Amino acid sequence: MNHDELATFVTELADDLAPTAVASGNGVGALLASAEAIADDKAVLGVMVTAVRMGNIASYLLAAATARAEAIGIPVRNRLKNGRDLLRELPLAPATVNRVARLAQHLDDLPNVVREVRDGDLGIEHADAVIRGLDHIATRMGADGFTEVRDKTATMLLAHARIDQPAQVMEKARELGHELAPLDPPSIPPADNPSLNQASISRTGEGRVTLEADLDQLSGEKLHTALDALAKPIPAPDGSPDPRPRAQRTADALVTMITAYLASRNRPTVGGVVPHITMTVPLPVLVGSGGEGDSRVARLGFTGSVSAETAREIACGSTEVTALLTSDSVPLDAKRTQRFVTGTLRKALEARDGGCQFPGCGRPPAWCEGHHIQHWADGGETNLKNTVLLCSLHHHTYVHGKGWNIQIGFDGHPWFQPPEGGEPIRCHNRRTLTLVNHAAA
């Protein structure tokens with residue numbers, strides 16, 4: 001089949017799949033569009049298998065054409081560097097460009113892999129995993145050592161590619177790289193190199209904060225280990241499953257870990273000062289009174305202005321407010337006694353609650369914040385009768401967000417009432433005790 005015949009074949013296939021051909025009732029297009037309740041299972045499945053094989057063969061065809069174009073100098077004549085640049089001129093995703101270009105570079109030295117792609121039996125994603133796996137092993141062993149085991153290793157990875165997913169092929173290659181590497185390997189694999197670590201924190205146009213990180217394997221393992229227990233599903237008070245998806249639980253776990261770190265007394269200082277979240281807030285924002293312009297705006301140190309609702313929520317916890325301002329932006333010392341749950345009060349609170357007291361939780365004290373039952377800005381005192389330990393999830397999502405009500409009952413412990421009302425629920429530490437049904441003092 002020459003170029004013209006190949007182009008004719010593709011055109012005929014495209015025409016066969018067009019709506020006009022489907023309406024005529026002939027060809028593959030008509031088979032796939034049939035409205036009949038009983039279809040030819042074998043024929044439909046056969047189309048699927050053939051389509052996969054065609055896609056694999058097309059990948060080989062593109063790689064072979066790329067290698068040929070580079071060999072006869074087409075990229076240079078078009079003011080391009082190589083065949084990869086030619087592929088970028090086509091409507092292909094960057095990942096596809098890279099896979100095809102790598103296959104084109106190995107058409108001669110990996111005959112078994114190339115043959116399976118050419119015959120349509122192996123997808124380019126799997127073939128590319130074999131190629132990248134071999135490159136990884138070569139960097140671990142060095143050129144001389146790898147030459148001796150190249151063919152055997154390629155055969156082994158190809159066998160895995162026939163039955164495993166590309167990620168599993170790469171994992172096998174990493175295992176072989178560790179196994180075959182000499183005591184003094186010529187290079188550090190990227191997975192083991194912390195000097196390649198990167199992380200960035202940025203604020204979106206909506207005011208949210210995004211975090212991106214690229215970590216070495218050991219650092220990633222530490223992160224997974226730290227987040228795993230914190231990201232476990234937490235049943236709702238009625239026993240129903242945790243409604244949060246995995247991604248949200250992981251985000252909540254990260255926030256909990258950061259909150260616990262900021263609450264720790266033994267951490268690095270900046271200029272001799274232990275870092276805290278800082279907020280400058282006008283008094284009218286906290287008490288909900290008058291004020292205009294900047295006198296109604298609270299600001300955080302890194303991320304800027306926040307809503308009045310968020311400012312009041314922040315002031316409920318253990319955040320350090322660097323300045324409390326009047327409506328005229330004049331610094332004001334408005335402490336009634338002490339706003340933060342610290343020192344001996346914190347110790348007493350930990351002794352009474354022992355962790356998050358939201359029904360069904362019980363996370364340890366280090367992961368918890370001191371919540372004012374009656375808001376500080378509304379006259380609530382910072383004492384044992386007006387505070388309770390809550391983890392970040394139940395503090396911000398359930399109490400502030402969903403409106404759960406909390407009271408200190410006749411037994412001296414917190415009781416919780418759902419936002420829709422109903423009988424109060426005993427706190428987590430006293431959930432198994434047999435007490436009277438009503439908690440009101």
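I counted 13 salt bridges, taking a salt bridge as a side-chain nitrogen of Lys or Arg within 4 Å of a carboxyl oxygen of Asp or Glu. The model is predicted, so local features need pLDDT of at least 70, side-chain atom pairs count only at pLDDT 80 or more, and totals for chains, interfaces and linings use all residues. Residues are numbered from 1 along each chain as its sequence is written, and side-chain values use heavy atoms, with hydrogens and water left out.

**Entry 1: salt bridges**

I noted the general idea first. Side chains of opposite charge can pair when their charged atoms come close.

I looked up D109 and R150. Their side chains form a salt bridge, 3.4 Å from N to O. This pair links distant parts of the chain: D109 is in the loop between α7 (94-105) and α8 (111-118), and R150 is in helix α10 (residues 143-163), 41 residues apart. I took helices (H or I, at least four residues) and strands (E, at least two) as DSSP runs, numbered from the N terminus.

My cut-offs: buried is under 20% relative accessible area, exposed is over 50%, and partly exposed is in between (1.4 Å probe, protein chains only).

Next I checked D411 and R430. Their closest N and O atoms are 3.1 Å apart in a salt bridge. D411 sits in the loop between β9 (405-408) and β10 (414-417), while R430 sits in the segment after β11, 19 residues apart. D411 is buried at 19%. R430 is buried at 19% relative accessibility.

I also found a network of salt bridges that links R102, D128 and R132.

**Entry 2: H428**

H428 is in the segment after β11 (425-426). H428 is buried, with a relative accessible area of 10%. What does H428 contact, leaving aside its neighbours within four places in sequence? I listed C356, Q357, F358, P359, G360, C361 and G362. Contact here means heavy atoms within 4.5 Å. A polar atom of the H428 side chain lies 3.4 Å from the backbone nitrogen of G360.

**Entry 3: lining residues**

I turned to the lining of the second largest pocket, where lining residues have an atom within 4 Å of a point on a 1 Å grid. Which helix gives the most to this lining? I found that α4 does, with seven residues. L6, F9 and Y60 are among the lining residues.

Key. Polar contact = N/O pair within 3.5 Å; in protein donor to acceptor, adjacent residues only side chain to side chain. 1 Å grid on protein atoms, 1.4 Å probe; cavity = no way out; pocket = protein on both sides within 12 Å on 5 of 7 lines; lining within 4 Å.
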